[in-house]
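Dear colleague,

Please find below the structure that I am handing over to you.

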Amino acid sequence: MKALLPAALLLAAAPAAAGLFGRGAEERSAAALADMRASYAAGDCVRVLSASDLFFSEKPSAGLREEAYGYMGRCYEREGLPDKAISLYKLAIGLYPDDGLFAFRLASIYNASGFHENAVPLFRKVLAGKPDDIGAGLGLARAYAALGFYGRAKNYYSRVVVLQDFSDAAVLKEYAACMLKKRDWGEALFIAGKGSEAAPASSYWKLAEARVAAGKGDYYKAIAASEAAIKLEPSRRLRLERALYLLLAGLPRRAMEAADAELAAAPGDPLASEVKGMALRLLGRPAEAEPYFRAALKGGPFTAGIAGAFLAPKAAPKEGACSK
């Protein structure tokens, strides 16, 4: 009987001992997590990721793992390991569906990688739980804009700029550019005004006004606004955009003078060559325009496409067709 007593005492004490061992492991996990937290705050992602091995070896609780996944995923991103970050975030979303961080980070990776259609439902998931989340709202606006859904993008850009009290000039510029693509002239002009208040030295807002005016067919107003933009930023790009407005306003001689000034500084410039070629065509001098269109073929797809259209030979009449 006496021999059985120590065994009985050990069995009775077993749950308490297990609790002690469990608390020890949890304390070690918490210490490892504290190391990861401090390393992340210091920007030391190498230490964060190396400490994760020790952390997980202690079999930490779900709550501790949730925090650790956040540090690890963002460190994978910083270290240029998006595939590992994506895998981790997918795992974490399954384990912690109410934690918006993982959905937001995964959506941001998709947006940056051009997979905007994959980003949309994740940003919407974040906003379902936190409607005023500026980061998710902006991410969703960008995703919709990239997909060409400008009306949907407007819904989210408009909410974001209001939440920011129209103070972020970069976001206002994105919004204005989206509205120009949508041909929503009223909203683009309104945002250009707010942008001018946020960043008065930026030429973009006057340029946006010029593009709104041109979109509405008021080319003289577009010329005036582009000249105001040039005063803020004297650049070849802006001067040539003004030259295009001169063409559209029916002022080919002034447009040609503007193009000549740019060609004197950069002979053979494709866009300047194209402006001069179009001006010569409007003046009834197509033979003189041809070499300028050939120079414009060396430009980007848009410039080369227009030049090619002017250079394309006229289709020969079909055999047997009567000419009048």
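Which residues does Glu209 touch, not counting residues up to four places away in sequence? Please bear in mind that the model is a predicted one. The contacts of Glu209, with that exclusion, are Leu189, Ala192 and Ala225. Glu209 itself belongs to helix α11, which covers residues 204–215. Its relative accessibility is 24%, so Glu209 counts as partly exposed, since buried means under 20% and exposed means over 50%. Another residue to look for from Glu209 is Phe190: the two are 19 residues apart in sequence, and their C-alpha atoms are 9.6 Å apart in space.

The second topic is the cysteines. In general, a disulfide is a covalent bond between the sulfur atoms of two cysteines. The count for this model comes to one disulfide. Cys45 and Cys75 form this bond, with a distance of 2.3 Å from S to S. Cys45 lies in helix α2 (residues 45–57) and Cys75 lies in helix α3 (residues 62–78), so the pair ties together parts that are 30 residues apart in sequence. The torsion about the S-S bond of Cys45 and Cys75 is about -75°, and the disulfide is therefore left-handed.

Are these cysteines buried or exposed? Cys45 has a relative accessible area of 3% and is buried; Cys75, with a value of 0%, is buried as well. Cys178 also counts as buried, at 4% relative accessibility.

Yours sincerely,
A colleague

Methods:
Residues numbered from 1 in each chain as written. Predicted model: local features only at pLDDT ≥ 70, side-chain atom pairs only at ≥ 80, totals over all residues. Heavy atoms only, no water. Helix = DSSP H or I, 4+ residues; strand = E, 2+ residues; numbered from the N terminus. Buried < 20%, exposed > 50% of the residue type's maximum accessible area, 1.4 Å probe, protein only. Contact = heavy atoms within 4.5 Å. Disulfide = S-S within 2.5 Å.
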